[in-house]
Amino acid sequence: MTASSVPVSTLANETISKLKRCKSMKEFHQIHAHMIKTNLVNHTLTISKLIAFCSLSALPNSLSYASSVFRRIENPNYFIFYTLTKGSCDYGDPLDSISYYVDMVSCLNELDKIAFSFPSVLKACSKLRAFKEGKQFFGQILKTQLWFDPFVSNSVVRMFVELGEIEFARGVFDKMPERDLISWNSMITGYLRVGEVELASQLFEEMPERDLVSFNTMIDGYGKCGRCELAEEIFRMMNEKDVVSWTSMISAYVINHHSSKALNLFREMLSLGVKPDVPAIVSVLAAIADLGFVEEGKWVHDYISSNKISLNSGFIASALIDMYSKCGYIENAYDVFRRVSHGQKIGDWNSMISGLAIHGLGQEALEVFLEMERMNIKPDEITFLGLFSAFSHGGLVDEGQFYFEIMQEKYNIAPKLQHYGCLIDLLARAGNLVDALKVIQHMPIEADVLAWKAILSASVKLGNVMIGEKAALRAIELNPNDSSSYVMLSNIYAKAGKWDDVAKVRLMMKQRGVRKIPGCSLIVIDRKVHQFLVAKEMDAGYGSNVHSKIEELVSRLKLEGYEPDLSQVLLDVEQVGKGSLLNLHSEKMALAFGLINTSNGAPIHIIKNLRICCDCHAFIKLVSSVYNRKIVVRDQNRFHHFQNGSCSCRDYW
């Protein structure tokens, strides 16, 4: 039977079936050519389906192809307009979506048939930040029966929420002829998005009924607003939870720096047989990175592999690279990176550059960046933040200044506050305080507290009281509750022997209710966390053993030339007392505990919340040589890998 003898309806049905199975533009082209030969291009249903499948396929160039077919149709119907409106909004240019809608109204002028297009048009307004146009469309809706369609009215609420116009959204919500769960959930989402926690909570209590989306929205919103305890309260009261509930709660813990709780909840999730989604895995890897517990990270990595979860799923690879880097295992991070570096996901490259940065591997970070360029992967703002950080920790001043210009001239990326902060930190660390101050004076935006603290930190190290004092007072002005600025100002006075000024700073802290953050070090032995606070006694069970071990270490190291650096004790006490205080630094206690409780030759990993002091740095270098141990310390800013009497930072930190 020839094609001409086959009934048109049969040909149309066969063609539509083929269109449903299309997976490439080549197949669409072939079917379109067949439609031209069989005159199906004049069959309304078939040509409508061709345009629909092209518009909504998300294939490269599919929208432009659908548009070219559309332009050859004399009398397009509302379904064709609808698919082009939706496709343009979801996969193309939102402005085209609005244009198609306007054409549809002028061609068809039947508002009852175009109701389905309104959600896409309103969504397009959201994407374009087109508040004025959105209000105009809303006005058009109010003049018709479409206002009584929940599908349309909910889209209006959602548009105003997305635009951040929460009062308009609430006005629409209050006037809606009919409110369903979607209406209530959208409004709650809007309040939480702008930080109106109390109003969101009030609306949540008023809901006539709630679903999983309602509870999950509250958990997610509370977490992002810093109200983790309220998120936890909602989570625990839920009778039914889905994977989104667990993921939202884990994410809330991570956002609010409750990393241990996030890890424990992830374990509970698995124990109950709930299979985590990719966002849950990414969040728990972030928690592990914060804690520095590499064994937990390896366990999650094994889970990913055994469950055949692709490293290219979501941000899995980036999260693994980040986790291994922040746990001190840069080689493992690099192994993961090499498995995915053939791809074009810039997040993986950024994570690797940032990981190399915190390990002080500036030259290696630059090599990764140059490889990016060779692969024609365009760097973004985050790429350069990681690169500048790597230069700063590596002391690569010339490279930092050069690529600061490259970022602007070659890639047209205007420096933001963080980029200027990295440049200031780079110069200050290298001792170029005057140049760093010049950057602050000439940058087009006002320097933030981090920039001034970079100047202050370098001033403490260099003993420059004049510049340090200026930087400290500016940092305190910008953030009067940040104890570190007061402490560094006190330290710079103490180094100069200006004890009266030290007393004034401490009095200022007391009057303002600002408390110094105590030095704290963590070490994990047999998957158990042991915490040490500076100058604090440990539990009676092993405190005496630790102090005895420190005394043994000091005696042994003195035979190798170790002399305690008493200048690191910034208290007005006798010289003898200063030596005792040095022995109570938290990283020394953690190190002693690690030597007692690990086998000979085993590496020791320590996590410290503040910058490691010069005395502890020299002390640990000697321990690594005398006791033949690899010791890794993660301090506030970076990693120090001690081995054979030297440190990876080359005494530059």
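R129 sits in the loop between α7 (118-128) and α8 (131-142); helices here are DSSP runs of H or I with at least four residues, strands are E runs of at least two, and both are numbered from the N terminus. This is a predicted model, in which local features need pLDDT of at least 70, side-chain atom pairs count only at pLDDT 80 or more, and totals for chains, interfaces and linings use all residues. Residues are numbered from 1 along each chain as its sequence is written, and side-chain values use heavy atoms, with hydrogens and water left out.

Most residues other than glycine have a negative phi.

| Residue | Phi | Loop |
|---|---|---|
| A58 | about 65° | between α3 (44-55) and α4 (62-70) |
| R129 | about 55° | between α7 (118-128) and α8 (131-142) |

A58 is also partly exposed, at a relative accessible area of 45% (buried is under 20%, exposed over 50%, partly exposed in between, with a 1.4 Å probe and protein chains only).

**The sheet**

Six strands make an open, mixed sheet, in the order β2-β1-β3-β4-β5-β6. Two strands count as paired if DSSP finds at least two bridges between them. β2 (528-533) and β6 (646-647) are at the edges with a single partner strand each, so one side of each has no neighbour in the sheet.

At the β2 end, β1 and β2 run antiparallel and are joined by six bridges, with K528 of β2 as the bridge partner of I525. Their hairpin has two residues between the strands, and D526 takes a positive phi near 50° there.

Further along, β4 and β5 (residues 639-643) are antiparallel too, over four bridges; R634 has F639 in β5 as its bridge partner. Helix α34 (residues 614-626) packs on the sheet and touches β4, β5 and β6, its direction making about 40° with that of β5. Contact means heavy atoms within 4.5 Å; axes are lines fitted to C-alpha atoms, for helices over the stretch in contact, and angles run from 0 to 180 degrees between N-to-C directions.

Closest to its centre, out of 26 lining residues, are V294, E295, Y329, V524 and H605. The elements giving two or more residues to this lining are α18 (294-306), β1 (520-525), β3 (604-608) and β4 (631-634).

A pocket is an open set of points on a 1 Å grid over the protein atoms alone, where a 1.4 Å probe fits, with protein on both sides within 12 Å along at least five of seven lines; lining residues have an atom within 4 Å of a point.
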